[in-house]
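Subject: Structure handover

Hello,

Here is the structure for your work. My notes on the salt bridges, the cores and a hairpin follow below.

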Amino acid sequence: MWTVGVNAAWRAAYRRSVRSAFATVPFYRERWALDGRTDPVLVPGRTGTDSGAAPLADAVHKIVDLVPLAGGAQRIEPSRGLGPVLRKARSVSGDALVVVLGGDGTRPPSDLPRGVRCCVVDPDVPAPSVLAEVSSALRRGRRVLAVGDDKQLAVFTAALPEDRAYRVESVPRRELDTMDTGPYGVLHDPALGYLGAIEECGRWHLDWQRVYARPTTGGLAFTLLRQDSPRFVDVLPAGGVRGEIAPCPRHGTPVVLT
């Protein structure tokens, strides 16, 4: 069952996000005023399409309208939330080195635990200096974690010396429509950032303090609870993926079932 405190805090944070978005963000002000929504009801009598949820692609296409009226950033942050979910997925801490695999647009996350270093590597054209740093860290016995999709992880580890590559802890990056059974992994969306991770119970746990999700007729709709701008509220990633949000029987916090 849900723990009472988790459920109450999660719902309250979500409702605040919805009402704030309706009051201050052009994309939602226009969409919900014209079409309505159901949870919470903002325009009585108007139920909206998919209970007010919007395809993420539509929101990103109008990203300037996701900025609150008071102003804010328009930049999407694909690395948002990596720190919290990596602590769940691999208990990262101390002087570990985290290698985020991605292309030119990938930025280092700003929310890793104190003391944890990070570098961004394009596995197709890895900088020799970065590979040397990673190899040196492994030689000295430091913990190295690599975060990326399966192909990126394979290419990156193949570029390291064989006697050290096996010590790299791979953290597969999955999107909502490619979730598997792990045993390790982080849930990611290119626009929303990192949404959750597989915990030791083997279930996909949401980062519930920062991310809200609910089922709609269009699929699972996600809300970033702590991002000021651009605002993502009740958006449908990956074109809309059917699923459920349920309590973890061991932890009493939200897990994703697809």
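In these notes, buried means under 20% relative accessible area, exposed means over 50%, and partly exposed is in between (1.4 Å probe, protein chains only). This is a predicted model: local features need pLDDT of at least 70, side-chain atom pairs count only at pLDDT 80 or more, and totals for chains, interfaces and linings use all residues. Residues are numbered from 1 along each chain as its sequence is written, and side-chain values use heavy atoms, with hydrogens and water left out.

Salt bridges

A salt bridge here is a side-chain nitrogen of Lys or Arg within 4 Å of a carboxyl oxygen of Asp or Glu. That rule gives eleven. Helices (H or I, at least four residues) and strands (E, at least two) are DSSP runs, numbered from the N terminus.

Arg143 pairs with Glu169, with the closest N and O atoms 2.7 Å apart. Arg143 sits in the loop between α5 (128–139) and β4 (144–148), and Glu169 in strand β5; they are 26 residues apart. Arg143 is partly exposed, at 26% relative accessible area. Glu169 counts as buried, at 18%.

Glu169 also meets Arg90 in a salt bridge (3.4 Å, N to O). Arg90 is in helix α4 (residues 82–90) and Glu169 in β5 (residues 169–174), so this pair ties together parts 79 residues apart in sequence. Arg90 and Glu169 are both buried.

Asp39 forms a salt bridge with Arg11, closest N and O atoms 3.2 Å apart. Asp39 lies in the loop between α2 and β1 (54–55), Arg11 in helix α1. Shared partners join Arg11, Arg15 and Asp39 into one network.

Cores

A nonpolar core is a set of buried Ala, Val, Leu, Ile, Met, Phe, Trp, Tyr and Cys residues joined through side-chain atoms within 4.5 Å. The largest has 39 residues; Tyr28, Leu176, Leu192, Leu206, Phe222 and Val256 have the most contacts inside it. Helix α1 gives the most to this core, with six residues. Domain 1 (4–76 + 202–257) and domain 2 (82–190) both contribute residues, so this core lies between them. The domain bounds come from an automatic or database domain assignment. A second, separate core of 17 residues includes Val99, Leu101, Leu131 and Ala146.

Hairpin

Strands pair if DSSP finds at least two bridges between them. Four bridges join β12 (residues 244–247) to β13 (residues 254–257), and the two run antiparallel. Ala246 stands opposite Val255. Six residues separate the strands in this hairpin, and Gly252 in the turn has a positive phi of about 70 degrees.

Best wishes
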